Amino acid sequence: MLTRRLAAALLAAVTAGTALVGCSSGTEESRCDTADGIVQCAPDQRSPAPKIAGDLLTGDGRYDVTQARGQVVVLNFWGSWCAPCRAEADDLEATYQATKGSGVAFLGVNVQDNRDKAVAFEEGRVTYPSLFDPASRLALALDIPPNTIPATVILDREGRIATVIRAAVTQDGLRPLVEKVAAEGSR
């Protein structure tokens with residue numbers, strides 16, 4: 001019974017992954033490549049990301065993703081309560097370190113969490129900044145419900161949604177996707 005429920009939940013998550021901002025309206029969705037819960041949109045099929053800005057998790061001010069315009073931005077939605085988020089943290093940091101010299105920025109978005117627990121989670125795990133979004137407003141703006149965390153979104157250099165991954169990532173899976181978008185250069 002539990003296996004059937006797990007299979008149904010996974011199928012629902014993958015199915016939900018095809019209805020995404022940037023690749024969600026009718027013909028745009030059909031033009032995006034969807035495989036294994038990863039949606040990749042060709043440059044001419046990408047939509048602009050919604051406004052992504054907020055308070056930094058550390059309380060040291062605000063951050064607006066438009067500050068990184070001209071760079072590829074990898075957004076990772078996570079929570080300290082999320083076991084798969086713990087599992088992917090080292091892979092995210094390794095991918096960040098391997099790609100930051102190529103004009104790639106990483107930004108975490110902490111959702112549905114307590115600030116102190118989230119800060120403790122990040123210590124010693126990641127060096128890139130995170131926004132604190134306990135109400136999940138940013139995730140919902142990108143059509144990422146809190147029950148699909150972790151999720152990772154790759155924005156191209158123009159701030160458009162290039163890739164959405166609705167599962168935990170590994171460096172071996174994420175790095176090629178990031179490098180592919182980074183190789184596109186500025187348009």
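Buried means under 20% relative accessible area, exposed means over 50%, and partly exposed lies in between (1.4 Å probe, protein chains only). Helices (H or I, at least four residues) and strands (E, at least two) are DSSP runs, numbered from the N terminus. This is a predicted model: local features need pLDDT of at least 70, side-chain atom pairs count only at pLDDT 80 or more, and totals for chains, interfaces and linings use all residues. Residues are numbered from 1 along each chain as its sequence is written, and side-chain values use heavy atoms, with hydrogens and water left out.

Start at strand β8, residues 151-155. It is mostly covered, with five of its five residues buried. The cover is on both faces. A151, V153 and L155 are buried on one side, T152 and I154 on the other.

Which strands pair with β8? Two strands pair if DSSP finds at least two bridges between them. Strand β5 (residues 72-78) pairs with β8 in the antiparallel sense over five bridges. Strand β9 (residues 161-165) also runs antiparallel to β8, joined by four bridges. Opposite V153 stands L75, and its bridge partner in β9 is V164. β8 and β9 form a hairpin with five residues between them. In that turn, G159 has a positive phi of about 80 degrees.

Stay in β9 for A162. At 1% relative accessibility, A162 counts as buried. Its contacts (heavy atoms within 4.5 Å), leaving aside neighbours within four places in sequence, are V39, Q40, C41, R46, I154, L155, D156 and V181. A162 and A49 are 113 residues apart along the chain, yet their C-alpha atoms are separated by 9.5 Å.

P150 lies between α5 (137-141) and β8. The peptide bond from I149 to P150 is cis, with omega near 5 degrees. D143 is in the loop between α5 and β8 as well. D143 has a positive phi of about 60 degrees although it is not a glycine. At 31% relative accessibility, D143 counts as partly exposed.

P150 also touches E88, a residue of helix α3 (residues 83-99). Is E88 paired with an opposite charge or without a salt bridge? A salt bridge is a side-chain nitrogen of Lys or Arg within 4 Å of a carboxyl oxygen of Asp or Glu. Lys and Arg count as positive, Asp and Glu as negative; His and the chain ends are not counted. E88 is buried yet has no salt bridge. The nearest side chain of opposite charge, R125, is 10 Å away.

E88 does have polar partners. A polar contact is a pair of N or O atoms within 3.5 Å; within protein, one must be able to donate a hydrogen and the other to accept it, and residues adjacent in sequence count only if both atoms are side-chain atoms. The side chains of E88 and N76 are joined by such a contact at 3.0 Å. The E88 side chain also reaches the backbone nitrogen of V169 at 2.8 Å. Not counting residues up to four places away in sequence, E88 touches N76, P150, A167, A168 and V169.

Next comes helix α4. The loop between β6 (104-111) and α4 (115-122) holds Q112. Phi of Q112 is near 50 degrees, a positive value in a residue other than glycine. Q112 is partly exposed, with a relative accessible area of 41%. At the start of α4, a side-chain oxygen of N114 reaches to within 2.9 Å of the backbone nitrogen of D116.

Within α4, A118, F121 and E122 are buried. Seen down the axis of α4, its buried residues fall within an arc of 95 degrees (taken from the directions from the helix axis to the C-beta atoms), so they line one face of the helix. An α-helix has 3.6 residues a turn, so residues three or four places apart point the same way. What covers the buried residues of α4 includes β5, α3, β6 and β7 (130-133). Exposed D116 and K117 sit on the face turned away from the buried side. G124 follows α4, with a positive phi near 80 degrees.

Finish in helix α6 (residues 171-183), at V178. At 0% relative accessibility, V178 counts as buried. Leaving aside neighbours within four places in sequence, V178 is in contact with V74, T95, T99, V104 and I154. V178 and V104 are 74 residues apart in sequence and 8.0 Å apart in space, C-alpha to C-alpha.
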